Each structure stands twice: as structure tokens, then as C-alpha cells.
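Here are my notes on the helix packing and the nonpolar cores. Have the model open while you read.

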Amino acid sequence: MNTRVLFIDDDDNLLAAFQRQLRGRFEVDTALGGQEGLRRVQFSGPYAVVVSDLRMPGLDGIEVLRRVRDMAPDTVRIMLTGHADLAAATAAVNEGNIFRLMTKPCQDTELRSALAAGLEQYRLVMAERELLEKTLRGAVAVLAQVLSLANPKAFGRSARIKHLVVETGQQLNYPQPWELETATLLSQIGYLILPDEV
């Protein structure tokens, strides 16, 4: 299971403190500032949890976590701020879909508890996704089996299309190859209800 946590802050000393404090319990990466954090999410991800400071020069934490949500929707997002004003908290929750909002200074036990809860949330999201994927794949496999019995020509076409589409998806680094497989297996399913003459 992915247990990677990314801390984004504009204070290098605080980032180093997080790494020391959490060493051995979590797989911690750090990024100095919002832009660097987004680069890490894009090129070094996926991260199970991203913890961002609210007030940073350039991109603030609200914008960073909103972009993280767009780039990696399954990643759990936590806001850590020294500025506990109601407007910022509301914007953080509404715009970034924040899992937790914590204030600095944060007690060691409170931070570890929040990270553990974030990792558990990530595990639940991924388990649900895997279950849905397997259920959908199973249903599609049954439909493909019915197609192969009812109309072998149509099944042969869908198998050839699947092969081409999957290869194309690999060349394009398509992030969800199972979606392509499912769509191509179902592409000829309409032939089940059509008479051979049509």
C-alpha cells in the first residue's frame, strides 16, 4: 500500500523538522513552496497524503491543494496553517476538498494521528476503486462471453479492436488502461440484439 506523504511549506527548517519527527513511521517527502510541491505530485507521485501550508509566497495552500485534487483526486489533502482565520479555513475546505485543517504549532501526536487517518482514508478510497474495477471487469467479461457464444464474428472484432486500442493506450501512457479494455470489449455488444441479416 502507498504510504507516501508530501509536506509542502515555504519554511525549509520546518520541512526538515517534519522529516526528522516522522522518520521511520511514514515515507516523507518535502517540497519548498507550492510550485515545487506541484512538480513533486506530477512527476514523483502518487502520494497518499499531501500536507500543505496555507500562507506561502506565489501559490497559497488553497490553490496548491485545489490543483493537487485535479492532478491526483485520490490523494488525501491536509491543510496545516499558522493562520487560523475562518475565511481561510472555509476557502480551504470548499476549494480544496480538505480532509483535515490543522493549526501550527501542531503537537507530534496530533500530526501523526492526522497522517494515520489520512493514510486510512486513502486505503479505503483505493480499496473501493479496486472493488468497483473488479466488479465491472467481471460483468464485462460475462457480457463478452455471451457475445462470443451468440455472435462469434462480433466477438472476434472486439478482440482485434481491444488489442489495437490497448497498444495505442500504452503508447500514449493512458492512465487507466482498464477503461480502454472495457470500452472495446463492449463496442460490439449491440450485435447481440441484431439479427444476422441486418
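1. Start with α1 and α5, whose axes lie 12 Å apart at an angle of about 80°. Axes here are lines fitted to C-alpha atoms, for helices over the stretch in contact, with angles running from 0 to 180 degrees between N-to-C directions. The two helices are therefore roughly perpendicular to each other, the word used for 65 to 115 degrees. Keep in mind that this is a predicted model: local features need pLDDT of at least 70, side-chain atom pairs count only at pLDDT 80 or more, and totals for chains, interfaces and linings use all residues. Residues are numbered from 1 along each chain as its sequence is written, and side-chain values use heavy atoms, with hydrogens and water left out.

2. Who touches whom there? F18, Q21 and L22 of α1 meet D108, L111, R112 and L115 of α5, where contact means heavy atoms within 4.5 Å. By class, that gives 4 nonpolar, 1 polar and 2 charged residues.

3. Next, the largest nonpolar core. It has 20 residues, and V5, F7, V49, V51, L111 and L115 touch the most other members. A core is a set of buried Ala, Val, Leu, Ile, Met, Phe, Trp, Tyr and Cys residues joined through side-chain atoms within 4.5 Å, and buried means under 20% relative accessible area with a 1.4 Å probe, protein chains only. Two or more residues each come from β1 (4-9), α1 (12-22), β3 (49-53), β4 (76-81) and α5. The biggest giver is α5, with 5 residues.

4. Leaving aside neighbours within four places in sequence, F7 contacts L15, F18, L22, V28, D29, T30, A31, V51, L111 and L115. There is also a second, separate core of 17 residues, with Y47, L54, M56 and I98 among them.

5. Now to the other partner of α5. Helix α5 (residues 108-150) and helix α6 (residues 152-171) pack at about 130°, with axes 5 Å apart, so they are oblique to each other. On the α5 side, A144, L147, S148, L149 and A150 meet P152, A154, F155 and S158 of α6. This contact has 7 nonpolar, 2 polar and no charged residues.

6. Last, α6 itself. Its 20 residues reach 29 Å from first C-alpha to last, close to the 28 Å expected at 1.5 Å a residue. Buried in α6 are A154, G156, S158, V166 and G169, and the buried residues of this helix pack against α5 and α7 (177-186). Just after α6, N173 takes a positive phi of about 55°.

Notes: Helices (H or I, at least four residues) and strands (E, at least two) are DSSP runs, numbered from the N terminus. Angles under 35 degrees count as roughly parallel, over 145 as roughly antiparallel, 65 to 115 as roughly perpendicular and the rest as oblique. Ala, Val, Leu, Ile, Met, Phe, Trp, Tyr, Cys and Pro count as nonpolar, Asp, Glu, Lys and Arg as charged, and the others, Gly among them, as polar. Buried means under 20% relative accessible area, exposed over 50%, partly exposed in between (1.4 Å probe, protein chains only). The expected span of a helix is 1.5 Å times one less than its number of residues.
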